[in-house]
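Here are my notes on the model you sent over.

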Amino acid sequence: MDVVRLRILREFADRGTVAATAAALSMTPSAVSQQLKVLAREAGVPLLEPDGRRLRFTDAGRALVVRADEVLDALDRAADEMTAYARSPRGRVRVASFPSGAALLLPAVLEAAGTIGVELDVSDEDVPASAAPALLADYDVVLTHRDEHSAPLSGPRVHVETLMREPIDVVLPPEHRLATQDRVQVDELVGESWISVRGGFPVDDVLLSVAAVTGIRARVVHRINDFRVIEELVAAGHGVALLPRYSVLHPALVRLPLAGVRAARIYELVTRPGAARRPAVGAVLDSFRAAAARKLSM
């Protein structure tokens with residue numbers, strides 16, 4: 001089977017449509033369709049079947065995508081090894097991260113990458129953890145986060161590594177009635193006006209846990225994904241919030257741990273299976289591990 005056509009097949013699995021695949025590969029849709037038909041002839045079995053106006057994978061097609069990942073990953077590793085024959089990690093690694101995770105870890109990761117000759121191409125992607133696997137169409141490493149009570153990502157085309165746990169605390173304005181306490185019981189927060197993030201992100205998942213413990217639905221007055229904006233609104237007395245412990249920067253805010261509910265977000269590194277065997281990717285993953293360990297030891 002032709003390697004170029006295997007790359008087209010994998011791109012179709014990542015993108016979902018012939019048109020999106022063609023755009024990503026700078027091809028015409030008809031050329032993509034033709035190459036997929038040729039690959040099916042090479043494989044000896046149908047790989048795609050009609051599904052309305054779209055195409056979907058047959059069982060054989062889904063199996064071949066997993067094998068294509070393995071073949072293409074091996075070729076990428078071979079290219080890296082030839083480029084860095086002296087076993088020095090070299091090359092470009094594409095990284096996606098949620099913004100607050102990037103603020104916490106990326107400076108140290110960039111510094112470490114620069115010392116070993118790895119070029120990082122970093123973008124912020126503020127999406128729920130469930131959307132992280134789709135980002136691997138464009139990135140080598142994805143740093144994502146989830147509520148610690150939610151199930152970790154899994155699947156035959158992803159490898160997930162837990163990086164660190166960050167507690168989520170209650171953040172209050174200094175004049176708040178609970179601001180002088182050492183910690184806050186969840187039932188003491190009933191009736192508060194909450195400033196939260198959009199649904200599907202760890203902070204909002206913890207707020208749902210608080211509601212489950214108290215039996216009363218939290219009254220969310222604003223939903224904003226920028227933690228700096230949330231901090232300013234809380235400091236100005238417009239509500240209270242839950243924020244990850246290492247992300248709180250406003251000097252006037254009072255940060256208190258929650259009692260009565262286990263609240264934290266889990267950082268995870270998501271890659272293709274086998275990607276860590278590429279020297280440059282492995283070095284970047286090591287840099288993330290070291291940065292997380294330093295942060296947790298502070």
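1. Start with the largest pocket, which has a volume of about 460 Å³. Bear in mind that this comes from a predicted model. The pocket is lined by 22 residues, and if you want to find its centre, look for Arg10, Asp76, Arg94, Asp140 and Arg278, which lie nearest to it.

2. Where does the lining of the largest pocket come from, in terms of elements giving two or more residues? Those elements are α1 (3–15), α4 (59–83) and β3 (91–97).

3. In the largest pocket, 14 of the lining residues are charged, seven are nonpolar and one is polar. The residues nearest the centre include Arg10 and Asp76, both of which count as charged.

4. Next up is the second largest pocket, with about 330 Å³ of space. Its lining is made of 19 residues, and Pro99, Ser100, Phe227, Arg228 and Ser247 are the closest to its centre.

5. Which helices supply at least two residues each to the lining of the second largest pocket? They are α5 (99–116), α7 (202–214) and α8 (227–235). Of these, α5 gives the most, with four residues. By class, the lining of this second pocket splits into 11 nonpolar, four polar and four charged residues.

6. Moving on to helix packing: α2 (residues 18–25) and α3 (residues 29–43) have their axes 8 Å apart and pack at an angle of about 105 degrees. Angles of 65 to 115 degrees count as roughly perpendicular, so that is how α2 and α3 sit relative to each other.

7. What meets what where α2 packs on α3? On the α2 side you'll find Val18, Thr21 and Ala22, and they meet Pro29, Val32 and Ser33 of α3. The contact of α2 with α3 has four nonpolar and two polar residues, with no charged ones.

8. Last, the hairpin. Strands β1 (residues 48–51) and β2 (residues 54–57) run antiparallel and are joined by four bridges. Across this pair, Glu49 stands opposite Arg56 in β2. Two residues lie between the strands, and Gly52 in this hairpin takes a positive phi near 70 degrees.

Terms used
Residues numbered from 1 in each chain as written. Predicted model: local features only at pLDDT ≥ 70, side-chain atom pairs only at ≥ 80, totals over all residues. Heavy atoms only, no water. Pairing = 2+ DSSP bridges. 1 Å grid on protein atoms, 1.4 Å probe; cavity = no way out; pocket = protein on both sides within 12 Å on 5 of 7 lines; lining within 4 Å. Points joined across faces, edges and corners; volume = space filled by probe spheres on them. Axes fitted to C-alpha atoms, helices over the stretch in contact; angles between N-to-C directions. Parallel < 35°, antiparallel > 145°, perpendicular 65-115°, else oblique. Contact = heavy atoms within 4.5 Å.
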